[in-house]
Amino acid sequence: MQSQNDAVERLIVGGGIAGLSTALALAHAGLPATVLERDPPPPSGEDGDRAFFDWPRRGAAQFRHPHAFLGLLCNLLETRYPALLEALYAAGARRVDYQDMLPVELREVYRPEEGDERLWVLMCRRAILETQLRRAVEALPEVRLLSQVHVEGLRLDTSGARPRVLGVTLRRDSAERYGPTLDAEVVIDASGRTSKLPRWLAAQGISISEQNDDAEIVYYTRHYRRLPGVEEPTRGGKDPGAGDLGYLKYGVFPGDAGNFAIILCVHRAEQALHEAVTDSARFDAICSRIPGLAPWLEPGTFEARTEAFGIGDIRSVWRHYLHQGEPVVDNLFAVGDAALRTNPLYGRGCSTSVLHAHILADVLSSDDDPVRRARRFDERTEAELRPIFQASLTEDRRGIRRALAAMEGSIVERADGPRSLKQRFTLAFGDALAAAARHNLRVNRGMMRTVNLLEPPGAFLKDWRTQAIIYGYMLRGRPRNAAARIVRGPERGELLDQLAQPL
């Protein structure tokens with residue numbers, strides 16, 4: 001049992017992707033930490049299925065939903081943690097390089113250029129990544145990881161000009177093992193999208209400002225596995241494995257060991273579609289009617305591994321732990337989804353969480369002053385993560401408009417016709433960009449740097465050569481360019497009529 005004078009230097013609440021990455025980054029900077037995780041450790045051994053199916057990760061609601069491990073995360077692993085990357089490969093994770101993701105129109109003309117080596121993704125289930133990340137962290141002498149520890153509150157010293165963190169209080173079952181409190185000089189909240197930190201602060205009369213925007217979607221997943229000897233469908237064809245039909249968004253996520261997952265997302269007001277995607281047989285029926293998904297569900301090529309299951313409360317959230325340039329609590333930080341959330345549809349959450357963890361480690365290793373490092377952490381978070389957050393929020397709002405227009409029987413671009421020259425230009429530019437990205441390597445590379453979070457969203461569009469290429473495509477006219485943007489799939493009314501029939 002910890003004594004009152006036995007304070008740890010840094011206490012991390014939450015042992016998911018954000019918490020483990022924070023511990024890893026802190027150790028890499030020579031800073032010891034203790035991690036408190038409410039769930040039990042993963043099953044022993046290297047069986048990815050056991051980790052996926054048998055690990056009770058109640059603290060991570062999105063654990064069994066598919067994840068995208070983008071270039072930002074992958075390059076960080078490759079440069080700083082090569083042993084962890086090798087462990088992921090050994091566990092079944094796959095590397096997919098830039099040339100393997102190119103559309104078919106560009107494969108024959110592709111020639112490698114400097115920087116292409118950074119455009120790659122890792123494909124596996126989250127259970128694989130989290131298991132190997134946890135084992136890497138457990139092996140570090142600078143880290144103590146305690147499982148099945150339930151944190152109940154935050155301890156503060158409120159006697160000074162500003163509250164100062166003292167540690168955390170534990171729930172009775174955890175207190176029996178570690179005492180009623182754990183003291184710490186620094187507390188880091190990495191407890192994810194369901195963080196209780198705002199509630200704990202409010203209970204002590206401290207409020208934090210928050211931006212909170214509802215994406216207004218329901219999000220459903222089903223997992224499958226390809227049968228032995230069956231190859232994956234070819235990437236880069238005219239029908240993408242991810243797209244937006246206006247009334248329905250979809251995506252396929254190839255994983256490890258022949259596993260793959262499909263997601264379907266609809267606006268929450270689409271009652272009939274909402275009910276359909278909750279039913280596994282109708283979920284498959286919808287997928288089979290979408291050309292980008294149908295090849296994955298060809299009869300005799302796969303087996304279903306789960307029923308369709310959903311996740312709700314899809315929001316963009318940004319919490320501010322500074323007020324008028326001062327920390328609301330000294331030595332208290334939040335990383336990952338506990339601080340900022342984006343729609344998981346875009347697959348950015350793991351990458352931004354890992355980046356956020358390393359920003360915090362850099363700040364804590366370079367300054368001991370609580371005010372200066374709180375300001376520096378906030379400045380870097382704003383500079384490096386706000387553009388990604390804002391791009392996700394913009395996409396959410398565009399998706400809401402498209403979905404509502406589809407329910408009204410129109411397409412957003414056609415609803416009452418464009419109302420201004422600016423609108424017409426924006427739509428024409430978007431069509432030209434989509435066409436250029438499919439047929440021009442310079443534009444495609446720029447878009448992939450944005451997708452993989454290797455530069456701020458849309459930064460490649462500031463390049464004058466890229467602009468010239470896109471404007472050249474605009475001269476071809478929207479009808480010709482629109483073919484690259486339009487995703488083939490059933491019309492909403494047609495699909496609803498089909499779903500009304502018995503299977």
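The following legends describe close-up views of a predicted model.

Residues are numbered from 1 along each chain as its sequence is written, and side-chain values rest on heavy atoms, with hydrogens and water left out. As the model is predicted, local features need pLDDT of at least 70 and side-chain atom pairs count only at pLDDT 80 or more, whereas totals for chains, interfaces and linings use all residues.

**View 1. Strand S10 and its partner strands.** Helices (H or I, at least four residues) and strands (E, at least two) are DSSP runs, numbered from the N terminus. Two strands pair if DSSP finds at least two bridges between them. S10 (residues 217-226) and S13 (residues 259-267) are antiparallel and share nine bridges; in this pairing Tyr220 stands opposite Leu264 of S13. S10 also runs antiparallel to strand S15 (residues 309-311), with three bridges, and Thr221 has Phe309 as its bridge partner there. Three bridges likewise connect S10 with strand S14 (residues 302-304) in the antiparallel sense, where Tyr224 stands opposite Ala304. Of the 10 residues of S10, nine are buried (buried: under 20% relative accessible area; exposed: over 50%; partly exposed: in between; 1.4 Å probe, protein chains only).

**View 2. The aromatic pair of Tyr224 and Phe260.** Rings of Phe, Tyr and Trp (its six-membered ring) pair if their centres lie within 6.5 Å; planes under 30 degrees apart count as stacked, over 60 as edge-to-face and the rest as tilted. The count by this rule is 10 aromatic pairs. One of them is the stacked pair of Tyr224 and Phe260, with 5.2 Å from centre to centre and 15° between the planes. This pair links distant parts of the chain, with Tyr224 in S10 and Phe260 in S13, 36 residues apart. Tyr224 is buried at 0% relative accessible area, and Phe260 is buried at 2%. Tyr224, Phe260, Trp296 and Phe302 form one aromatic cluster.

**View 3. Helix H14 and the ring pair of Phe429 and Tyr471.** The ring centres of Phe429 and Tyr471 are 6.0 Å apart and the planes stand at 65°, so the pair is edge-to-face. Phe429 belongs to helix H14 (residues 421-439) and Tyr471 to helix H16 (residues 464-474), so the pair ties together parts 42 residues apart in sequence. Phe429 is buried at 17% relative accessibility, while Tyr471 is partly exposed at 38%. The expected span of a helix is 1.5 Å times one less than its number of residues; for the 19 residues of H14 this gives 27 Å, in agreement with the 27 Å between its end C-alpha atoms. Buried residues of H14, among them Ala428, Asp431 and Leu433, pack against helix H6 (104-107), helix H15 (441-451), H16 and helix H17 (478-485) (contact: heavy atoms within 4.5 Å).

**View 4. Arginine charges over aromatic rings.** A charge sits over a ring if NZ of Lys or CZ of Arg is within 6 Å of the ring centre and within 35 degrees of the ring normal. The charged end of Arg95 sits over the ring of Trp120, 3.9 Å from its centre. For Arg64, the charged end sits over the ring of Phe52, 6.0 Å from its centre.

**View 5. Cysteines without a disulfide.** The structure holds zero disulfides (a disulfide being a pair of cysteine sulfur atoms within 2.5 Å). The sulfur of Cys124 is 8.9 Å from the closest cysteine sulfur, that of Cys74, which is too far for a bond. For Cys350 the closest cysteine sulfur is in Cys124, at 9.4 Å, also too far for a bond. Cys124 is buried at 5% relative accessibility, and Cys350 is buried at 7%.
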